[in-house]
Every structure is written in structure tokens, then in C-alpha cells.
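Student: I'm new to this structure and would like to learn how to read its strands and helices. Can we go through it together?

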Amino acid sequence: MIRLLRLVKSPRELEYHRRAGEVLDQACQAAIEATQAGAEESAVMSRVYQLIWEAGADIPANRLPMGHGEKAMNVRYGTGRGRIEENDQVTFELGCAWRHYHVADMFTVLTGPHVDPRHLRMHAACVEALAQVQENLRPGRTFGEIYEVHRAALARHGYEKAALKACGYTMGATFPPTWMEMPMIYRDNPQVIAKDMVLFTHMVLSDFDTGLTMSLGETSIVTEGAPEVITHVPREPIVRP
């Protein structure tokens, strides 16, 4: 009962989520600017953590997933650091908290000078899927319906096999080892969406046949109409030199 009551946030809780989102948007931009061929992963993530601390926010309840090359396919935190290379793919899943109330985003940075056109097609699929999910994130819909919108959008682009079995979850005041609040957005989940829920929705493609990955995710507050998006990632492909 308590877990379900926590899903709908009070006005003060929503303000904490919004403030966390403002800080995370800054951290997202810092991560993108620091990512380039030759950069050390540790230097990029150091800048992200520094910005969160300096803003007066809380570091998130779990370690931030980041990986380049094959490790980008994990979409999970992995130990060990490396140097970003030319023609690379770098997955980021960034999170931030304000007074323990969490938000997250997700994106993939590509490095040049050559960008694989398959990456761009995967990105276009993620853009459409995220737009469709946010369009349907309305009170009265179920989590299962949202998952189906995500699945169908990626399937239209031919990527259903590369999609994950879940595409998000609710967010709130959480503590280590995870920033995830439950329930997750997965097939046939009957949980009904309600106004003032906070959801992180992520579109993730991991194509193990090609070794390529792409991701796009934002956090939104459910309203009576269009959701209030409180973390923001670029809709154009992120390509760094």
C-alpha cells in the first residue's frame, strides 16, 4: 500500500524532481561537451559528478552507467575505465537527485570522423519511439499500453529484436543501491498511470548482430494533458569530433 501511495507525488515532491532535472540538464550538456575521441572516460564522468556536487544536488543512488565501444552495449555500470576512440559509440545513463528525489536521462554520443549510417537509423527509431511514448503518457493509460507503443514504434523501423523488455519506470525518493522506483513499464503491466506520477522512459536498442547501440530517454511528470518533460536530451544525433 505504501509503495503505491508513493507513486503519486505531492507539489513539494514535484518541485524537488524539477530541480533535479535542471541540474541533470546541465550535467548532460557537460558530458556531451567533454566527450570526444581521445578523452578518458574518467575525465568525462568526473566533470558530471563535479557539476552535480557544485549545484548542491545529490549524487544518484546508483553508479552512473557509461561505456564506449563494446561496453556501450551493456547499458549498465561496469568497472574499469578506457579512452574514447575515433568512430566510437558512448552510452550515457545519467541521474541526479535533489533531496533524494531522482531524475534520469539517457543518450548515445557518436565520435567522428566517420559515423555509421546504421547508427543514424537507430537514432531515428529511438526519436520516434520516445515521441510516441510521451504522446501516450496520459492518466488512465496502463504501463502495458505504454510498453506496446514503444515496441510498435521500434518494430516499424525493424528493430524489435534489438529492444529491451522494459522501457522505463517510476522515479521518486530512493536510496542506494538503486534510483529505480517500481513498477517498471513492461508488456501487459496493468498498473494505471495517474496524474503527478514521475516516470523515466528510455528507448534502448542493443543490436548484438552488428555491435551497435543507441539510446534516448527523459523523465516526465504526468499531467492531465501532455507530460511535463523535466530532463531533456537532444533529438538530433549527437556527433562529436
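Tutor: Strands (E, at least two residues) and helices (H or I, at least four) are DSSP runs, numbered from the N terminus. This is a predicted model, where local features need pLDDT of at least 70, side-chain atom pairs count only at pLDDT 80 or more, and totals for chains, interfaces and linings use all residues. Residues are numbered from 1 along each chain as its sequence is written, and side-chain values use heavy atoms, leaving out hydrogens and water.

Student: How many bridges link β6 and β7, and in which sense do they pair?

Tutor: β6 pairs with β7 (residues 212-221) in the antiparallel sense, over 10 bridges. Look for M203, which sits opposite L216 of β7. Four residues lie between the strands of this hairpin, and G211 has a positive phi near 75°. β4 (residues 166-170) also pairs with β6 in the antiparallel sense, over three bridges; there T170 has L199 as its bridge partner.

Student: Which faces of β6 are covered?

Tutor: In a regular strand, side chains alternate between the two faces of the sheet. Here both faces are covered: one side includes V198 and F200, the other L199 and T201. In β6 (residues 198-207), 10 of 10 residues are buried, where buried means under 20% relative accessible area, exposed over 50% and partly exposed in between (1.4 Å probe, protein chains only).

Student: And which residues of α2 are buried?

Tutor: An α-helix has 3.6 residues a turn, so residues three or four places apart point the same way. In α2 (residues 11-34), the buried ones include L14, H17, G21 and L24.

Notes
Pairing = 2+ DSSP bridges. Expected span 1.5 Å × (residues − 1).
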